[in-house]
Amino acid sequence: MNPLVLLQRMGRHATTLLPFSLLLGLLLQDLAAAARPLLLPLVVILLMLALTRMDWDRLRALMRRPGPALLLAILNLVAVPLVVWPIWQGLGLWPSLVTALCLSAMAPGIISAATTASFLRLDSSLALLLSIFTNFLVPFTLPPLALWLLGFDLKIGLIDLSLRLAMIVTLAVAGAFVIRRWLGTRLVETGTTLDGISVLVLMVSAIPLMDGVVARATAEPVKLAGFIAGSFGGMLLCNLVMAVATLPFLDRRSALTVGYCSGGRHNALLMAVLPATADPDIFLFIAAVQFPIYIIPTLLQPLYRRLLAR
């Protein structure tokens, strides 16, 4: 089969293929640890492809009035954890799962949200801004919240994180600019191919993210299943909180986008900032949460289609 035709088919069935990415990661456990260094370049490529496909006029319009997006980012990082924390506390879950769910709600938006938002016909430009703003703001919000609610003393390097994100964004913007200039008027007709490449990158990304999951599943199948179920609940609850809270103030598509971005959090960041004495179950959660990240877009697509069609 022609590779371009295959990529176009993958682009047309993006949300259907995403759950199978996890299977790829689980089957290739021997490559998972070795593939970890690929995570950063894969993030850059995903963001670059999202920027290439993005409505730049919409992005410029949002950037001319960044205040609303900044406010939504702060609500995501501060208000949402304060809302969901007592809910998890009151459900009688494992203490380590409650801690992990609360830390997850404090984490910034995942960069790939802009890519998957475009597959769901949400506002990918707004999703991108929320991801970038929450990643820049999280050094100011995560440490005090984690200390206040959970007793964790997190010492996040503000300069290191900011420089890393700035590098990712700069490389992605430069790459997207080159691709858009190269494609020119062919950009629209090659859109499905670019979506297919994005799906392929997401599938490859699942390999290092699934590192060690099979071993934990063998050793503690009940706990892993519970953490996966909890991670689904955590993502959906954060999504619902922000979508419902912003619906009276935003149009439906924007409110659904804000909710979707609130559900998808950059949990891998926690691996870099948690103290060495942190409960290892929190790191189990970081692996478990990859399941809803890859599966929830497929589950929510019919709902979003129905809501956006009204």
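Biologist: What volume does the second largest cavity have?
Modeller: This is a predicted model. A search of the whole structure finds two cavities of 30 Å³ or more. The volume of the second largest cavity is about 30 Å³.

Biologist: Which elements give two or more residues to the lining of the second largest cavity?
Modeller: The lining consists of L49, A50, R53, T115, S118, F119, D195 and S198. By class, there are three nonpolar, three polar and two charged residues. The elements that give two or more residues are α4 (39-53), α8 (113-119) and α11 (191-209).

Biologist: Which element gives the most to the lining of the largest cavity?
Modeller: The largest cavity holds about 60 Å³ of space. Its lining residues include W88, L101, S231, M235, R265 and F285. With four residues, the element that gives the most is α13.

Biologist: How many charged residues are in the lining of the largest cavity?
Modeller: Seven lining residues are nonpolar and four are polar. R265 is among the residues that line this cavity. Arg counts as charged. The number of charged residues is one.

Biologist: What is the handedness of the crossing of α6 and α9?
Modeller: α6 (residues 67-90) and α9 (residues 124-150) pack at about 30°, and their axes are 9 Å apart. The crossing is right-handed.

Biologist: How many residues of the contact of α6 with α9 are nonpolar?
Modeller: α6 brings residues including L70, I74, L77 and W85, and α9 brings F133, L137, V138 and W148 among them. Three contact residues are polar and no residue is charged. The nonpolar residues number 19.

Note on methods. Residues numbered from 1 in each chain as written. Predicted model: local features only at pLDDT ≥ 70, side-chain atom pairs only at ≥ 80, totals over all residues. Heavy atoms only, no water. Axes fitted to C-alpha atoms, helices over the stretch in contact; angles between N-to-C directions. Left-handed = near helix turned anticlockwise from the far one by under 90°. Contact = heavy atoms within 4.5 Å. 1 Å grid on protein atoms, 1.4 Å probe; cavity = no way out; pocket = protein on both sides within 12 Å on 5 of 7 lines; lining within 4 Å. Points joined across faces, edges and corners; volume = space filled by probe spheres on them.
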